[in-house]
Amino acid sequence: MDYQELNSVWTLKLEYERESRRLEDLREFAQPSTPIFDGMPQSASPPLSSKVETVATLIIEAEKTLVRLATEIEQQKSRVLRALEAVTMKELSQRVLSHHYVGCKSFNAIAKLMNFSRRYILNLHDAGLKALGLDAQQMIQFRKRC
């Protein structure tokens, strides 16, 4: 398992959140702000029905993207969990890696959840990375580039 695979759930989750915000914006945009009256003079802009169709199409595409991303997230979570379970490491390190890379929890949240100090959680994380054959410092550099 490499750094990109280990971080894949985080990456997909961020993409999912961006797409969710985009969908919310589209839905908000689709809400009519003024009523349309029959018999009112038409403007030179494109007919409203084509704008509505365009927005509706964008909403449908965004919803399909969210479904696809949700499926990809679940599949990638399974892959990462299987990879973590395939490597011999301390159970606590495995739990930290699982919470962080599958559950997308911050180290502070994991420390609170597991009732350990953040420093200890980071040490367990580094030990887990070492068991995977990865270097913690290179992981930091990889995340900075992403």
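This is a predicted model: local features need pLDDT of at least 70, side-chain atom pairs count only at pLDDT 80 or more; totals for chains, interfaces and linings use all residues.

Q: How many salt bridges does the structure hold?
A: There are 5 salt bridges.

Q: Start with Glu19. Which side chain does it meet in a salt bridge?
A: Arg22. The N to O distance is 2.6 Å.

Q: And where do Glu19 and Arg22 lie?
A: Both are in helix H2, residues 8-30. They sit 3 residues apart, about one turn of the helix.

Q: Is Glu19 buried or exposed?
A: Buried, because its relative accessible area is 14% and the cut-off for buried is under 20%. Arg22 is partly exposed, at 34%.

Q: Next one: what about Glu63 and Arg27?
A: Their side chains form a salt bridge too, at 2.3 Å, N to O. This pair links distant parts of the chain. Glu63 is in helix H3, residues 48-86, and Arg27 is in helix H2. They are 36 residues apart.

Q: What is the relative accessibility of Glu63?
A: It is 30%, so Glu63 counts as partly exposed. Arg27 is partly exposed as well, with a relative accessible area of 41%.

Q: Switching to Glu72. Which residue does it form a salt bridge with?
A: Arg68. The closest N and O atoms are 2.5 Å apart.

Q: How many residues apart are Glu72 and Arg68 in helix H3?
A: They are 4 residues apart, so about one helical turn separates them.

Q: And their accessibility?
A: Glu72 counts as partly exposed at 26%. Arg68 is partly exposed at 38%.

Note on methods: Residues are numbered from 1 along each chain as its sequence is written. Side-chain values use heavy atoms; hydrogens and water are left out. A salt bridge is a side-chain nitrogen of Lys or Arg within 4 Å of a carboxyl oxygen of Asp or Glu. Helices (H or I, at least four residues) and strands (E, at least two) are DSSP runs, numbered from the N terminus. Buried means under 20% relative accessible area, exposed over 50%, partly exposed in between (1.4 Å probe, protein chains only).
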